[in-house]
Amino acid sequence: MVPDFRSLDYEIASIKRHRLTLFAILWKKLRVVPEFRSVHFTMKLIASIKRHRFDTRRHPLCIGKNRDSPCLDSEAEDIHLTLQLGVDESYSLFVDKNDGQSIIAEATIEANTVYGALRGLETFSQLCMFDYGTKSVQIYKAPWYIQDKPRFSYRGLLLDTSRHYLPITVIKQIIESMSYAKLNVLHWHIIDEQSFPIEIPTYPKLWEGSYTKWERYTVEDAYEIVNFAKLRGINVMAEIDVPGHAESWGMGYPDLWPSASCREPLDVAKNFTFDVISGILTDMRKIFPFELFHLGGDEVNTDCWNSTSHVKQWLQDRNLTTKDAYQYFVLRAQEIAISKGWTPVNWEETFNTFASNLHPRTIVHNWLGGGVCPKVVAKGFRCIFSNQGFWYLDHLDVPWDEVYEAEPLEGINITSEQELVLGGEVCMWAEIADTSNIQQTIWPRAAAAAERLWSRREAISSGNITLTALPRLHYFRCLLNRRGVQAAPVENFYARQPPIGPGSCYEL
Amino acid sequence: MLALSLPNNSSALLSLSLSLSLSLSSCFRSTMSPGLLKSLIILAILAILRLSFAFQLDDTLTYVWPLPSEFSSGDHTLSVDPALSLVVSGDGGNSSIIKDAFDRYKRIIFKHGESFSIFQMFRYIRPAYDISKLKIEVHSRSEELQLGVDESYSLFVDKNDGQSIIAEATIEANTVYGALRGLETFSQLCMFDYGTKSVQIYKAPWYIQDKPRFSYRGLLLDTSRHYLPITVIKQIIESMSYAKLNVLHWHIIDEQSFPIEIPTYPKLWEGSYTKWERYTVEDAYEIVNFAKLRGINVMAEIDVPGHAESWGMGYPDLWPSASCREPLDVAKNFTFDVISGILTDMRKIFPFELFHLGGDEVNTDCWNSTSHVKQWEETFNTFASNLHPRTIVHNWLGGGVCPKVVAKGFRCIFSNQGFWYLDHLDVPWDEVYEAEPLEGINITSEQELVLGGEVCMWAEIADTSNIQQTIWPRAAAAAERLWSRREAISSGNITLTALPRLHYFRCLLNRRGVQAAPVENFYARQPPIGPGSCYEL
């Protein structure tokens, strides 16, 4: 079938309000298929977007033991353009020869939300292939009837802009490439001990902790990233990793350090510390509309709290151990986040150390190893899977198949507990990745995780994946290359290694 | 411990150095002499001191890459209006090439949004900017892009402190291509300042008179060993314009694959790797046009007879025999008919007057056992006196070739593989930088026969995933060699004069989304070795 797009017939049923949004998105999508240059097109796209309400029974916020306000409030909410966790990303796509009244074939995407329509457009673009013989874009194996929806509502990629600053242009390139694999959360690990690149208007000296005066993000930059991501159906979850990964905070406000020689963790004994956290969260609440906010809490070495006299005194006055103080810090940060309308996400050490005291709405972010999410959901918390053995992209020795086979629901057999696993996330820690090589460190392995998170478990977990998944992943890598993404060869022993000799991208 | 130590006041520094010296002395007391210990502590304190001050650029250097021919600067700082407008004049001022380039560079210069406030929507409340217009004057109407096109320009950025309070930025050039070079330089003077959230030009007033040293400043791309999608070729062409390179030498075909469509011999591209790894005639036109809008010529190559095995996939008669597939069959007229057909078709696509005919690495053994304008140097090394006098010889095997070539009256392009083959990953930036096309050529008339040089990105171990960090930043080192005045870049200590500027240019490439690798890793294109800034050395 040769779609002829010359006379673009574009219809949107029942959503006048969103006509422009969709139209802009459509053209952006078509542009990324470079073959659309030789224009012979006709396409009729009917994206039907119906009024939609939150289904509280299905909404992840409402699953589990805690059904408090945001969940109930949202019942009457019109979420046409609200991009939140659990937004309906389902769509159907039909590409058929309309052999009845008309000789013109039809391509139709139907979705409940614009974000579902975006996923459908991505799929449509992957059906379109430039044929060098006829010099036209063709859709093979038509008619196509596709009914699609994600398995998990949280499908994330972590970017770390503290170990190496990433220019806005590069972050946008990465967000765009995420949409090709239907990932939907950019977990922005903005700040760490090495640098504090983002502007915080309430505490304007904080970004003095940036590497240099050029390696920074303004508030406007952050808005732009959030908006750019939203147009692709991607939420941005910001993180401040307290108290253990925050040394850079003290460059602008040295009072945040317990002492000049104890710069981490942040000073638990001063109210100022929590004032600053509150200020950051207030400022960020205006920038990041996503309901999840990551509060870190990992790798906290509290030794030097004990060796700093005023902190030691503070501990003694309250009869606290340093471990108690760690819990105090995390819980106080959680309270601040919740008071500003965030749902707190914390790295798993917080759960491992004081699970029973965590705020019940806490989402626990696994990283240390396997078997954590089962424990988390057994206690009624929600979980995000990022087992470092498989889904840490800076671990270059993990081959594609181990990434692919890592299963977020491993060891969780009760349906109600399975529903507490929101999904998973691949983590691109940036100690040895910067603009020069980050994209080939992310791709193609992130795509292996993306299929795990999107597709039906039965469809991708049986049979010989070397025959069923590997050729398709090879092909997807070439598709990324065609779209200008620097995805590395799939099967080199170490990730992101160069090709070993001349050859085709497609041939194995 | 040192890497984590970033004190920002002296008392913190003092107590830190104290605790440092204590811990050091307890660690090393038993094994170290007091003298060594002392120097270690001093070193450590020096390291902390260095880290304790915000990084600054070396103000004595000019952070424009490649270095302009003549320039002077001052000590004013001027702000640039995000609504910068273009004012054109001269016979060539209305060229769409200028308009397109201006829009392109505005997107590059103003990457960060203004701090938004509803009041700023009204012009009269907007903050006042020093520069709100860029004037571009182009004298010639001609848009012909050929070897030796006039790429000179002058750029003035000045506070107009006479009649008007508005500062001015003016580019003047003879051709649109000179104006493009001026726009690139202008964009490199513009820097976003995070304090004021505006784009600023430091060290104004600027008076720049600039022109290239060589007319041929090339980059070779090899799309036979690995196919490069059009999107990627365009990304690379765009990045070439940042370093003022002006020739894309497109080594389209080699023995491994024949990706391009040749309408006269339509089976030739059956030699492509797969049916998707191909360029249509329209693709090639688009690449040529995309490059032209950036002042870059595309020189196509067919590397005959030695690097052409893939030709025979569609026409096996081009092979001497099934077991001798290279070099192409010299005994058949058909071979030359095909070459002629290819050249006829390509003449319509590639307007650049140079065409590369290869001619390198020809192992003729199997000719014996079975039964001719720009060429690689072996043609010259083997039968110089019979080459057509208009031949341009492309050096690659080693040094000392161009001197011989120009002594015989031929023109030469310098690509000594010891320095300018980018697939040689063990060549550090300074060797690339110091390779000199005129080495050993002292007579002016002979020097003029050296057209320039080219860095070669052979693609055996480079594909879409890593080609850009293999090209950059080393290609930039060669680009400055080819553009800037020899005296300005050949004296003094380049570690002080060029290296900080190259580091900075690498960060500029990164800002613009180009995957340029760290400058100083032992092997090219290696990842960063740890967390850190792009700018700080």
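Predicted model: local features only at pLDDT ≥ 70, side-chain atom pairs only at ≥ 80, totals over all residues.
Figure 1. Residues are numbered from 1 along each chain as its sequence is written, chains are lettered from A and ligands numbered from 1 in the order in which they are written, and side-chain values use heavy atoms, with hydrogens and water left out. The axes of helix α5 (residues 230-242) and helix α6 (residues 281-292) of chain B come within 10 Å and cross at roughly 15°. Axes here are lines fitted to C-alpha atoms, for helices over the stretch in contact, and angles run from 0 to 180 degrees between N-to-C directions. Helices (H or I, at least four residues) and strands (E, at least two) are DSSP runs, numbered from the N terminus.

**Figure 2. Here is the contact of α5(B) with α6(B)**. From α5(B) come B:I230, B:I233, B:K234, B:I237 and B:E238, and from α6(B) come B:D283, B:E286, B:I287, B:F290 and B:A291; contact means heavy atoms within 4.5 Å. These residues divide into 6 nonpolar, no polar and 4 charged. Ala, Val, Leu, Ile, Met, Phe, Trp, Tyr, Cys and Pro count as nonpolar, Asp, Glu, Lys and Arg as charged, and the others, Gly among them, as polar.

**Figure 3. An open sheet of 8 strands in chain B**. Follow the strands in the order β1-β8-β4-β5-β3-β2-β7-β6, with mixed pairing. The edge strands, β1 (70-72) and β6 (190-193) of chain B, each pair on one side only. From one strand to the next, the twist averages 30°. Helix α3 (residues 96-109) of chain B packs on this sheet and touches β2 (76-89), β3, β6 and β7 (198-204) of chain B; its direction makes about 155° with that of β2(B).

**Figure 4. Zooming in on two paired strands, β3 and β5 of chain B**. Strands of a sheet pair through backbone hydrogen bonds, either parallel or antiparallel. Strand β3 (residues 131-138) and strand β5 (residues 168-173) of chain B run parallel and are joined by 5 bridges; two strands pair if DSSP finds at least two bridges between them. To find one bridge yourself, look for B:I136, whose partner in β5(B) is B:I171.

**Figure 5. Two cis peptide bonds in chain B**. Most residues other than glycine have a negative phi, and most peptide bonds are trans. A cis bond joins B:W65 and B:P66, with omega about -10°, and B:P66 sits in the loop between α2 (34-52) and β1 of chain B. The bond from B:E326 to B:P327 is cis too, with omega near -5°. B:P327 is found in the loop between β11 (297-301) and α7 (333-349) of chain B.

**Figure 6. B:E361 and B:R525 each have a positive phi**. For B:E361, phi is near 45°, and this residue lies in the loop between α7 and α8 (365-370) of chain B. B:R525 has a phi of about 55° and belongs to the segment after α18 (499-511) of chain B. Buried or exposed? Buried means under 20% relative accessible area, exposed over 50% and partly exposed in between (1.4 Å probe, protein chains only). B:E361, at 46% relative accessibility, therefore counts as partly exposed, and B:R525, at 11%, counts as buried.
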